[in-house]
Amino acid sequence: MNPPVPPQRRRRPATRHQPPSPLAPAQGEAEGDGKIPERLYVVADSDGGDRAVLDLVTLIVACAEPPPSSTPEQTAVLRMCRSPLSVAELSAYLGLPFGVVTVLLTDMLAAGLVQARAPIVRQALPDRSLLEAVMHGLQRL
Amino acid sequence: MDYNGSDTVPGPRAEDHLPHTAQAAAKIVIVGGFGVGKTTMVGSVSEIKPLTTEETMTQAGIGVDDDFGSPSKTATTVAMDFGRIRISDELVLYLFGTPGQERFWFLWNRLFEGALGAVVLLDTRRIEVSYDVMGRLEERGVPFVVAVNTFPDAPRYPMAELRQALDLTPDIPILECDARRRASSRDVLLTLVRFLHALHLTGALT
Ligand SMILES: Nc1nc2c(ncn2[C@@H]2O[C@H](COP(=O)(O)OP(=O)(O)OP(=O)(O)O)[C@@H](O)[C@H]2O)c(=O)[nH]1
Ligand SMILES: [Mg+2]
């Protein structure tokens, strides 16, 4: 017995959601084997200030030992981020929603307790060597 | 889940630490309707035990893209599982499986926008559950490949017929997979990254 014909879909045109503007320098001059610049990009807040934009995969690294004044959450972040860890992983391990973690991290960034390593986003691909690196990495799995 | 808000946050296991040389991360999203195998695929290729991140959305947070905005004011918690693959000493790849319920997809604008690309999982017993998210990816210009999960009792359509039903442009890869198998899931990801590379070469990605 032949299977029924699959239901027909209609492709949708690209619309209002244009790709976001590049978050990395337009000329991501990759030195040697794709060195990725450390950067932290900011956007203007509604109240005029600048605010770090934290992605789920922004890598956070501690740059200090927990100060005596730090809250339990800050201490936990600083301990976990002795090696780089994504915001998503912090959210998972802390058991806190992503939005709560970004507020926590924004304060810690402002206080110089942690650094952020911005993610690579599609529109900011420095060059093809990045995709080639991912291919090679996957082939090794 | 084995985490909570206590002061003994477990944190990553020693073997799950990234090297200090890790400079940046990229992400790929795995999407599709309810129960198509997203969590299974994340788990089969991840090098860490899959984790869950969640976001609490209230009406105020929903305004960005409100065509599915629910009229109720109640807060909604959306959980999303993810895994990780170390690509090199400098680069890390994260895989996110998005929630199955259609009305939650718009909550994750941020996720789609930054993603290198997406894998759309299809279950041929219920193909149309993945149609809405495909349209959303197209609207946002997120490149994707289609992976057809080979459930044993699912109808097998000739690929050409599926491609036509899905209204895929000829360049979009479509392949069969078994999301439970690491090698198969890895091949799906490789197909996506090769596709992105090809788009890059033709200048479709800038
Ligand atoms: N035969 C077969 N079974 C699969 C495959 N992928 C997933 N399954 C099974 O299908 C069921 C649903 O898989 P999940 O990975 O939980 O699906 P999901 O998309 O994450 O589901 P939701 O998050 O609830 O939308 C599980 O019982 C899996 O074991 C596959 O490739 N082949
Ligand atoms: Mg799931």
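Which ligand has an oxygen atom 2.4 Å from a polar side-chain atom of Thr40(B)? Ligand 1 does: one of its oxygen atoms lies 2.4 Å from a polar side-chain atom of Thr40(B). Before going further, note that this is a predicted model, with local features needing pLDDT of at least 70 and side-chain atom pairs counting only at pLDDT 80 or more, while totals for chains, interfaces and linings use all residues. Residues are numbered from 1 along each chain as its sequence is written, chains are lettered from A and ligands numbered from 1 in the order in which they are written, and side-chain values use heavy atoms, leaving out hydrogens and water.

Let's stay with ligand 1. Thr39(B) has a side-chain N or O atom 2.7 Å from an oxygen atom of ligand 1, and Gly37(B) places a backbone N or O atom 2.9 Å from a ligand oxygen. Of the accessible area that ligand 1 has on its own, 650 Å² (Shrake-Rupley method, 1.4 Å probe), the protein covers 70%.

Now step back to the whole shell. Ligand 1 is surrounded by 15 residues (each with a heavy atom within 4 Å), and Lys38(B), Thr39(B), Thr40(B), Asn149(B) and Ala179(B) are the closest. Helix 1 of chain B, residues 38-45, gives the largest share, three residues (helices are DSSP runs of H or I, at least four residues, numbered from the N terminus). By type, the shell holds five nonpolar residues, seven polar and three charged (Ala, Val, Leu, Ile, Met, Phe, Trp, Tyr, Cys and Pro count as nonpolar, Asp, Glu, Lys and Arg as charged, the others as polar).

Key: Polar contact = N/O pair within 3.5 Å; in protein donor to acceptor, adjacent residues only side chain to side chain. Helix = DSSP H or I, 4+ residues; strand = E, 2+ residues; numbered from the N terminus.
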